[in-house]
Amino acid sequence: MADVKQDPPRTIDSILELLGSLGRYQLFQALLLAIGNMSVCFHLLNFVFIAQTVKQQCEVTPLYGNNTNTNYGTCDVSVQNTTTNVTSTHTCSAWTYDVQKDHSIVSEWDLVCGDVFFARLPQSLFIVGQGIGAATVSVMSDKFGRKPFLVVSHLLTTGAGLALAFSPNIAAFSALRLLNGIFQQGIVVCTYTMLMETFPRNRRIELSAFYTLSWSISTVLLTGTAYLLRDMDWRTLQLCFVSVSINVLLQIFFLGESLRWLITNKKAKRAIALFKRAAKMNSVDVTNIQLPGIDTKKESVELSSTKGKYVETPSENTEHVQYSCLDLVRTKFMLKICAVVWFSWLVDSLTYFSLYLTSASLSEDPYLNFFLNSLAEIPAGPLNWFVGRRWGRRFFFMFFHVLAGVCLLLATTVRALVVGQAASVTATALAFVGKIGNSACFNAMFVYAPEIYPTNLRSAGMGAGSTAARVGGMIAPFISILAAVAPWAPGTIFGVACLITAALNYFLPEPEGRELPQTIEDVKAWDKAPARG
């Protein structure tokens, strides 16, 4: 084992650097979190495929007599009496579809025409559930630990996903979708928080890029799975999507708690045990290393049901501040940051999910459209690393919000004012670039938010921001209805909102090159330029 001799480190970040910025332990933890994040993708975006829009026509029924001319439409039947030449219109009571009856929840439960709202409702309820989960689970993980609520959330999400496949009607399906969203959000908040807390400041930008890339790859895998199983009924497809969650077993047995959370919350015995475990896996000698706020040399005291050999140092040796959720908005400084983060996340989420859920946002074919949207996400990770490393997070968000806004406005203008094949290709290319900009901002916010909140407000802050994002996601399923009435409206709204967000991003703090903050005062001390050195 390597011989490491140095004075006891003063900060948690230096402890993480001592263990190795990219040691085997840290990389293994990151891999476990990334694999778990794949199940989040499959639970979140599977709705696109199990609730596919279908083409329907009123079922042909011999109810109108022989002396009539009957025209069967998509929602109504027009009947002309050839004797009296009087035409009457009747609402359909049954439909035939261009796919098997059980291909989609839309076709199985006849969620068309007057009931089309109910086809969109489950996804909106899922987003509502995410907001509830973000506001509740996040607070509990700050208080009781990251891993317990990550694992419990993962198990409950899997259970709700399994139950979805056996839903007898749209009411039960919608209720289970709500529960699925509540439990799934616990995975999101805890995963990204743990990721940022596992690595020191000099590696967070690489990890954020890696994690963004893992999400993008997950969306591509989701597309491939749905396409290969496209002839299956939606219940079988749902069961296949849920099966990805088997990876929770790996997290139960091999995932460690956040060392930063343990140290900050004075969990001495567990912090020392985890520290030694990580050091052993990374082949680092930490015999004479003292964790901040934890003294291994004083007389032992009872820490739990048994006597341990580690004691906590007096509180004046290390800052240990407890916050409540109200501290997010108690001061003008934090309120300004939170307001910008909330608005940015709302706009990014609305644009992100609307482009996914609008079947023709890039292509008429739903599988090709989803695949192109997935491809547009892949550059987000490398761009986050390249731009964020050199110019910081603020510049990153400002630049790519401008890129998304301008491209989406141009794409909308071309579609509205120009006709022809060349115009269609140009509009698609502009929308694709706009999607890249939007994906870059949306995914980067998941790793930016944990960086700007103190440790004991980190999950709560991220949960509050994520809740704002769910408002945008809740609206997204209904954007296709607006697009049918005014095709130019969605792109215009998205473009203008992205440009406004770019201006607001100027007021964000810059975490690049800085240790994760322990207190609000730490954040106040940051400059707007990246720290160097």
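This is a predicted model: local features need pLDDT of at least 70, side-chain atom pairs count only at pLDDT 80 or more; totals for chains, interfaces and linings use all residues.
**Note on cavities and side-chain contacts**

1. Helix 2 gives the largest share of the lining of the largest cavity, namely four residues.

2. Residues are numbered from 1 along each chain as its sequence is written, and side-chain values use heavy atoms, with hydrogens and water left out.

3. The volume of the largest cavity is about 120 Å³. Of its 17 lining residues, Tyr 25, Thr 198, Glu 257, Leu 259 and Leu 274 are the closest to the centre. A cavity here is a set of points, on a 1 Å grid over the protein atoms alone, where a 1.4 Å probe fits but cannot get out; lining residues have an atom within 4 Å of a point. Grid points are joined across faces, edges and corners, and the volume is the space filled by probe spheres set on the points. By class, the lining of the largest cavity has 10 nonpolar, five polar and two charged residues. Nonpolar covers Ala, Val, Leu, Ile, Met, Phe, Trp, Tyr, Cys and Pro; charged covers Asp, Glu, Lys and Arg; the others, Gly among them, are polar.

4. The structure holds two cavities of 30 Å³ or more. The second largest cavity has a volume of about 100 Å³. It is lined by 13 residues, and those closest to its centre are Val 40, Leu 44, Val 188, Trp 215 and Phe 446. Helix 2, helix 7 and helix 16 (421-452) are the elements that give two or more residues to this lining. Its residues divide into eight nonpolar, four polar and one charged.

5. There are six salt bridges in the structure, each defined as a side-chain nitrogen of Lys or Arg within 4 Å of a carboxyl oxygen of Asp or Glu. One of them joins Arg 393 to Glu 512, with the closest N and O atoms 2.5 Å apart. Arg 393 lies in helix 15 (residues 380-417) and Glu 512 in the loop between helix 19 (489-504) and helix 20 (520-524), so the pair ties together parts that are 119 residues apart in sequence. Arg 393 is buried at a relative accessible area of 4%, and Glu 512 is buried at 3%. Salt bridges with shared partners join Arg 393, Glu 451 and Glu 512 into one network. For accessibility, buried means under 20% relative accessible area, exposed over 50% and partly exposed in between (1.4 Å probe, protein chains only).

6. Arg 235 and Glu 108 also meet in a salt bridge, at 2.7 Å from N to O. Arg 235 belongs to helix 9 (residues 234-242) and Glu 108 to helix 4 (residues 105-108), so this pair ties together parts that are 127 residues apart in sequence. In the salt bridge between Lys 101 and Asp 110, the closest N and O atoms are 2.8 Å apart. Lys 101 is partly exposed at 37% relative accessible area, and Asp 110 is partly exposed at 21%.

7. The whole structure contains 21 aromatic pairs. Rings of Phe, Tyr and Trp (its six-membered ring) pair if their centres lie within 6.5 Å; planes under 30 degrees apart count as stacked, over 60 as edge-to-face and the rest as tilted. Phe 399 and Phe 400 form an edge-to-face pair, 5.0 Å centre to centre with 90° between the planes. Phe 399 is partly exposed at 41% relative accessibility, whereas Phe 400 is buried at 3%.

8. Two charge-over-ring contacts follow. Arg 390 lies over the face of Trp 385, 5.5 Å from the ring centre, and Lys 435 lies over the face of Tyr 352, 4.0 Å from the ring centre. The criterion is NZ of Lys or CZ of Arg within 6 Å of the ring centre and within 35 degrees of the ring normal.

Definitions and conventions. On a 1 Å grid over the protein atoms alone, a cavity is a set of points where a 1.4 Å probe fits but cannot get out, and a pocket is an open set with protein on both sides within 12 Å along at least five of seven lines; lining residues have an atom within 4 Å of a point.
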